[in-house]
Amino acid sequence: MPACHLYVLPLFHEDIAKVGISVDPLARVRAFSTRYYECFDLERSLLLAFDSVAEARRRETALHRRLRPWNAPAPLTVARIAGGGTEWYRGALSLLQAEAADDAARGHPAWLPAGDWWRARLQAEQALLYEW
């Protein structure tokens, strides 16, 4: 099990994506919206696994520096309490896909795109749905 994931979450119907890290991407995406599946295009999302939070944070920081020209304000449809207001980028998805492919070529486990990862993760929680 990886210690941390770097995620790229594109929005539906917009050319804007959120870049961040999380030890549990599903919990993180739920923090943005209880109806996250209507907000984020999980089929086009990207996930990279890292052995440590520090390693994932270094990669995230490098991406944020590279993506400064594409920086965009957080969408109004995403809850402010979820944080990450400066980690949104407009028009950078193809660049992020190329960067993720490079990371995968360097040996990081990757889901490019990550639709299968989300399905497997949600299937793993199926038994908890009744309790929720």
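What follows is a set of questions and answers about this structure.

Trainee: Before we start, what kind of model is this, and what are the ground rules?
Mentor: Residues are numbered from 1 along each chain as its sequence is written, and side-chain values use heavy atoms, with hydrogens and water left out. Local features need pLDDT of at least 70, side-chain atom pairs count only at pLDDT 80 or more, and totals for chains, interfaces and linings use all residues, since this is a predicted model.

Trainee: What share of the residues is buried?
Mentor: Buried means under 20% relative accessible area, exposed means over 50%, and partly exposed is in between (1.4 Å probe, protein chains only). In this chain of 132 residues, the buried share is 45%.

Trainee: What share of the contacts with a separation of 6 or more comes from residues 24 or more positions apart?
Mentor: A contact means heavy atoms within 4.5 Å. Take the contacts in the protein chain with a separation of 6 or more; the share from residues 24 or more positions apart is 71%.

Trainee: Is Y36 buried or exposed, and what kind of aromatic pair does it make with Y37?
Mentor: Rings of Phe, Tyr and Trp (its six-membered ring) pair if their centres lie within 6.5 Å; planes under 30 degrees apart count as stacked, over 60 as edge-to-face and the rest as tilted. The whole structure has five aromatic pairs. In one of them, the ring centres of Y36 and Y37 are 5.3 Å apart with planes at 75°, so the pair is edge-to-face. Y37 is partly exposed because its relative accessibility is 42%, while Y36, at 7%, is buried.

Trainee: What is the angle between the planes of W117 and W118?
Mentor: Both W117 and W118 are buried. Their rings form an edge-to-face pair, 4.9 Å centre to centre, and the angle between the planes is 90°.

Trainee: Where is A74, and how far is it from Y89?
Mentor: A74 lies in the loop between β4 (71-72) and β5 (88-90). It counts as partly exposed because its relative accessible area is 32%. A74 and Y89 are 15 residues apart in sequence, and their C-alpha atoms are separated by 8.7 Å.

Trainee: Which residues does F50 touch?
Mentor: F50 belongs to strand β3 (residues 46-50). Its relative accessible area is 2%, so it is buried. Leaving out residues up to four places away in sequence, F50 touches P2, A3, C4, L6, E55, A56, R59 and H108.

Trainee: Which residues does the cis peptide bond join?
Mentor: Most residues other than glycine have a negative phi, and most peptide bonds are trans. Here there is a cis bond with omega of about 5°. P113, in the loop between β6 (110-111) and α5, is one partner, and the bond joins L112 and P113.

Trainee: What is the phi of H13?
Mentor: H13 is in the loop between β1 (4-10) and β2 (16-22). It counts as exposed because its relative accessible area is 81%. Although H13 is not a glycine, its phi is positive, at about 60°.

Methods. Helix = DSSP H or I, 4+ residues; strand = E, 2+ residues; numbered from the N terminus.
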